[in-house]
Amino acid sequence: MRCPYCSSVDNKVVDSRMGKEGETIRRRRECLKCEGRFTTYERVEEILPSVIKKDGRREPYDRLKILHGLTKACEKRPISVEVLEKSVDDIEKSLQEKGYKEIPSKAIGEEVMNRLHNLDEVAYVRFASVYRSFKDINEFMSELKDILNEKEVKVPQKPEAKSQK
């Protein structure tokens with residue numbers, strides 16, 4: 001592992017801990033050259049499907065692209081990095097369970113949309129506005145109305161109190 005400070009590859013592991021879900025190992029390292037400390041995360045390399053882009057190109061699955069998209073959508077929202085990481089983990093698990101060797105980027109985008117819809121409405125609308133490439137304000141308003149309608153269905157209206165005479 002290359003030191004982020006001096007680029008030396010000589011370092012030692014100072015501390016190792018298992019991640020919360022047991023799927024990662026966190027290692028604190030110390031560079032033997034500059035004595036700088038840094039953290040690395042180790043995870044099992046899982047075989048994920050290739051991604052078929054809209055224009056037909058194929059590229060390897062990239063976890064960081066999904067995390068970056070979620071992070072951008074959740075900017076200045078009360079959502080922790082841990083929650084975003086967990087969302088990416090869930091998306092990856094879902095993709096692996098499907099067992100496809102290739103998957104359209106649209107399917108990944110819809111998976112991200114589902115996670116955001118349940119996580120934060122503002123982040124969902126932000127992501128949807130980029131992902132769905134709204135052509136005009138009417139498409140955008142239609143998406144907002146759908147969210148509001150769903151919200152009304154989830155929160156039952158209180159019955160009006162009968163007035164007593």
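Two strands are taken to pair if DSSP finds at least two bridges between them. Helices (H or I, at least four residues) and strands (E, at least two) are DSSP runs, numbered from the N terminus. The structure is a predicted model, in which local features need pLDDT of at least 70 and side-chain atom pairs count only at pLDDT 80 or more, while totals for chains, interfaces and linings use all residues. Residues are numbered from 1 along each chain as its sequence is written, and side-chain values use heavy atoms, with hydrogens and water left out.

The protein chain contains five helices and six strands. Read from the N terminus, its elements follow the order β-β-β-β-β-α-α-β-α-α-α. The C-alpha trace spans about 85 × 50 × 30 Å along its principal axes. The radius of gyration of the protein chain is 22 Å, whereas a compact globule of 165 residues would have a value near 15 Å. This radius is taken over C-alpha atoms, and the globule rule is 2.2 Å times the number of residues to the power 0.38.

Ser-16 has Arg-27 in β2 as its bridge partner, and Met-18 stands opposite Ile-25 in β2. The two strands form a hairpin with five residues between them, and Gly-22 in the turn has a positive phi of about 80°. β2 and β3 are likewise paired in the antiparallel sense, over seven bridges. Here Thr-24 stands opposite Arg-43 in β3. β2 and β3 also form a hairpin, with five residues between them, and Glu-35 in its turn has a positive phi of about 65°.

Another open sheet of three strands has the order β5-β4-β6 and mixed pairing. β5 (58-59) and β6 (102-104) stand at its edges with a single partner strand each, so one side of each has no neighbour in the sheet. β4 (residues 50-52) pairs with β5 in the antiparallel sense over two bridges. The bridge partner of Ile-52 is Arg-58 in β5.

Two packed helices are described by the angle between their axes and the distance between the axes. The axes of helix α1 (residues 63-73) and helix α3 (residues 105-119) come within 11 Å and cross at roughly 40°. α1 is therefore oblique to α3; angles under 35 degrees count as roughly parallel, over 145 as roughly antiparallel, 65 to 115 as roughly perpendicular and the rest as oblique. In the contact of α1 with α3 (heavy atoms within 4.5 Å), Ile-66, Leu-70 and Ala-73 of α1 meet Ile-108, Val-112 and Leu-116 of α3. The residues of this contact comprise six nonpolar, no polar and no charged. Ala, Val, Leu, Ile, Met, Phe, Trp, Tyr, Cys and Pro count as nonpolar, Asp, Glu, Lys and Arg as charged, and the others, Gly among them, as polar.

Definitions and conventions:
Axes are lines fitted to C-alpha atoms, for helices over the stretch in contact, and angles run from 0 to 180 degrees between N-to-C directions.
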